[in-house]
Structure formats: structure tokens, C-alpha cells
Amino acid sequence: GTRRTSSKVKAWFTKRNIFKLYRKNFKNKAMTDATKFKGWQMVYTGMMMEFSVVGFVFYCFPLMFSELEKDLGASQTQLSSALSLFFIFSTIASIFLGRILDKYSIKGIMTLGGIIFSFGLISIAFVQNTFSLLIIYATLIAIGGPALGNLSITKLVANWFDAKAGMALGIAAIGISFSGVVLPILVDPLIDLIGWRNVYLVFASIVILILLPTVRAVVINTPEEIGQKKDNLEFQPSADLDQKLLKVSDFFKSKIFWIISLTFAFQFFAMGGVLLHLPLHSERIGFGETFSILSFPIKQYVFAYSLAAFGGVVGKVFFGYLIDKLNPNKPVMIMMLMQSLGIFGITFSDSFLLFTLFCFVFGLGFGGAMVLMSACFLKAFGSVNLGSVRGFSGMIVVPLQPVGIFFVGRAFDLNLYLEAFQIMGLVTLIGFIVGSRIIIPKVHSA
């Protein structure tokens, strides 16, 4: 009997020790999760937002052109104008948003932006004329898009990273190009299945049911809010600690501000006009056949469009890595050469294999644009001023982009678009020359 009692006592203690050990491990895991660096969660959240906003606004829009022409009686020039208005008015909105992001909660601004953006998508589903479409793109989409997407994400990632800012911005921006890889392939047959209006309702549902809850659950404005440090480094660079919020006039007095802004103004001017009209160009030169990938039907022009976007995915990571290692002018020059080569190749290729190769090279080039622009401004002005400098630079960078889109759209209507593409290739080379002057000291300065 004594032996049985001893066994029971031993078993009781064994179970109790196991319970204590389990409780201890659970507590340790909770503490580890609480102290784990959250910066990469901000990056992956940013990737999700970029994927959705840019995909819904930009990459999927050209797929709707034929349906919008039939339903609304819109011309190619009018449809191109919708994106032109978006870029113009998002620039105006970004001037104010950038300053607000430098002073107030990024999480709150992203939430409000998501609500406005989703309302804009719902509104598009019910438009009855081209004028209404243009107004929605110039207001709800132009305000909600940057507030939920790129402008807020750039500021958020810069708040969490410094030494690895280029790579972090590059990974977050993968969403921009990856949406161009995935969404055209998925949305093109979806338009045929449920109609373009219902597709926009699906987009709005994704924003409301997935993106907004993610923002509320995951986004943390700065590492200091939870007792962490940038890059998860104990010792922060002294230059980073000494940053001050600059006056508006300080930006416009800075030579490097103008060099960076003009470089990417030329880049976006050329890129926007070519990329938006790439599917239409592919169709016109005879790449409209349908083939199968893993039993999934895909049109040649959709594949080429997606391959350009995939090049953008690779380009973002590649140039994000380079900008952390080299002086900014070198990766910027490489980016411009790739974009120019891709544009000229797309213009003159007559075989589908060669055409897709140049689409990929074109994508490699333009894929680095947002990453390099943000990283250049971050290196020059610091994270404290990033929202403001990005917003004010938009006054220089963005006005040229809708001009490029309108220019190529009008060239299509006049059947002169090949000449327009060649001009875009030459403009990119001008950006190469200006970008060679982007020399930034290691210490943040104005």
C-alpha cells in the first residue's frame, strides 16, 4: 500500500511539474512574441496594401477598357484621362497627406483612406457615364488610394527601418508589381464571368473585409510605441536621432530635392504611358491568341502584361538591395537604362518570345522606381521628413505622368503610338543623365 501511495504522489508531482513546465514555456513564448521585432510585419502589411490599391486602380483598369467603351461610350483618350486625373489629384492630396503623416497617426490615416477608397470602388460599379467615372477617379480614388497605399506605407516602413530601409521598402513595394502579375490573369476571366461592375464590388469587399481589419490589428506607427528601435538595433545612428521637421521652403531650396524629383518625373512620364497601353499595343501587333498554362486559359497580351509586372517584382528587391549598398546615382542609372532598353525592345520586337523578354526588362527597370525614389528622399532628408518631401516632390514628379499617359493615349487614337513609345524611350535616357547627379552624403541633410 505504501508503494502504491508513493507512486501516486510521484505521479502527482510529475504531472504538476509538467504543468509548471508547460505554463513556463507558454509564458516565455508570449514574452518572446511580445518582444519580437515588429518591423517586418509593417513591411508585409504594406505589401498587401500596395498589392490591392495599385492593382485595383492601375493594373486592372486597362482590362476594363473594351467593356467601358461599350457600356459608357468612352474613347481611349477619355479612359486614359481617368488615370491622368487620378495622378493629378492624388498629387494635390499627397501634399496635405504627407504633412499630416509626419505629424499624426499613420494607422488612423490608413483607416480613413481605406473607407474613402472602398466607397470610391463601390461608386465606380454604379457609374452611368464617362464624366462620373472621371470625377470618382479624381476625388475618392485619388484621396483614398495614397492614404491607404503607397504614401502611408512608405512613411510607415521608414519609421521602422534605416540601415535596411532600401530592402524593406523594396519588399513592401513588391505588392505594387506582384498585383500586375496576378490580378490581370485572375480578373480578365472574372470580367467575362460576372461583369466589370461586379468586379469593382468584389474589390470594395476586399478592402472592407480584409484590408481595413488588417490595418486596425497590425499597424503600429513607430517602434518607440512598443519600446523597440529601428532595424531592431540598440544603438541608433546619431544623424537619425537629430532629425528635425523641415519647413516647406527648405525642400525647394535644396538642390538634391530638385535633382531627385526631376529624375523620377522623367521616369514616370515615360513609364506610365507605355505600361498603361502595353496590352493594347500587344493586341495591335498580333499577340492576341489564347494559350493554356496548367489548364488555365490566358491571352498572349495578358501574359506579356503580367510578365512586365513580374519584372517589377524582381526589380524592387534588386534595387532595394543596391540602394543600401551603393550611392543612389548608380542604381538609379541602371534602372533608367533597363527601362529605356525595354521600351525600345517592346516597340521593335516582332516575335512573341523577344517581345516578352523586353517586357520583363522594362519591368525590371520601372520596378525600381518607387523604391529608389523613396530611398533617395529618405537618405537625403530622413524619416521625419519623408511624408512631407514625398508629398511636395509630387508637385514636380506627378504632373508629367498624366501628360505621358494622355500623350500616348492620344497617339493611339491617331495611330502614331509607336513613335510615341520611341519618344518615351528617349525621355528615360534624359532621366538617366539627370539621375547621375544624385550624390547624397551619408549624413541626412537638407
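The dialogue below goes through several features of a predicted model.

Me: Where do I start with a chain like this: how many helices and strands does it have?

Reply: Start with the secondary structure and the overall burial. This predicted model has 21 helices and 2 strands. The chain has 446 residues, and buried residues make up 55% of them.

Me: What do the contacts say about sequence separation?

Reply: Take the contacts with a separation of 6 or more; residues 24 or more positions apart account for 84% of these.

Me: Which residues touch the most other members of the largest nonpolar core?

Reply: The general idea comes first. In soluble globular proteins, nonpolar side chains tend to be buried together. Here the largest nonpolar core has 134 residues, and Phe 61, Tyr 137 and Tyr 200 touch the most other members. Tyr 200 shows how to read such a case. Leaving out residues up to four places away in sequence, Tyr 200 touches Phe 56, Phe 61, Met 64, Leu 121, Ile 124, Ala 125 and Tyr 137. Two of the residues named for the core, Phe 61 and Tyr 137, are among these contacts.

Me: Which residues form a nonpolar patch on the surface?

Reply: Ile 88, Phe 89, Ile 92, Phe 96, Ile 100 and Tyr 104 form one, with about 590 Å² of accessible area together. One of them, Ile 100, sits in helix α4, which covers residues 76-103. Ile 100 counts as partly exposed because its relative accessibility is 35%.

Me: How many salt bridges does the structure hold?

Reply: Side chains of opposite charge can pair when their charged atoms come close. The structure holds 3 salt bridges. In one, Lys 70 pairs with Glu 67, and the closest N and O atoms are 3.6 Å apart. Both residues belong to helix α3 (residues 65-72) and are 3 residues apart, about one turn of the helix. Lys 70 counts as exposed, at 64% relative accessibility, while Glu 67 is partly exposed at 23%.

Me: What does the salt bridge between Arg 197 and Asp 71 join?

Reply: For a pair like this, look at which element holds each partner. The closest N and O atoms of Arg 197 and Asp 71 are 3.6 Å apart. Arg 197 lies in helix α10 (residues 196-218) and Asp 71 in helix α3, so the pair ties together parts that are 126 residues apart in sequence. Arg 197 is partly exposed, with a relative accessible area of 21%. Asp 71 also counts as partly exposed, at 44%.

Me: And Asp 102 with Lys 155: are they buried or exposed?

Reply: Their side chains meet in a salt bridge at 2.8 Å, N to O. Asp 102 is in helix α4 and Lys 155 in helix α8 (residues 150-160), so this pair ties together parts 53 residues apart in sequence. Asp 102 and Lys 155 are both buried; the cut-off for that is under 20% relative accessible area.

Notes: Residues are numbered from 1 along each chain as its sequence is written. This is a predicted model: local features need pLDDT of at least 70, side-chain atom pairs count only at pLDDT 80 or more; totals for chains, interfaces and linings use all residues. Side-chain values use heavy atoms; hydrogens and water are left out. Patches are made of residues with over 30% relative accessible area and no salt bridge: like charges are joined within 9 Å, nonpolar side chains (Val, Leu, Ile, Met, Phe, Trp, Tyr) within 5 Å. Accessible areas come from the Shrake-Rupley method with a 1.4 Å probe; for residues, only the protein chains shown count as cover. A salt bridge is a side-chain nitrogen of Lys or Arg within 4 Å of a carboxyl oxygen of Asp or Glu. Helices (H or I, at least four residues) and strands (E, at least two) are DSSP runs, numbered from the N terminus. Buried means under 20% relative accessible area, exposed over 50%, partly exposed in between (1.4 Å probe, protein chains only). A nonpolar core is a set of buried Ala, Val, Leu, Ile, Met, Phe, Trp, Tyr and Cys residues joined through side-chain atoms within 4.5 Å. Contact means heavy atoms within 4.5 Å.
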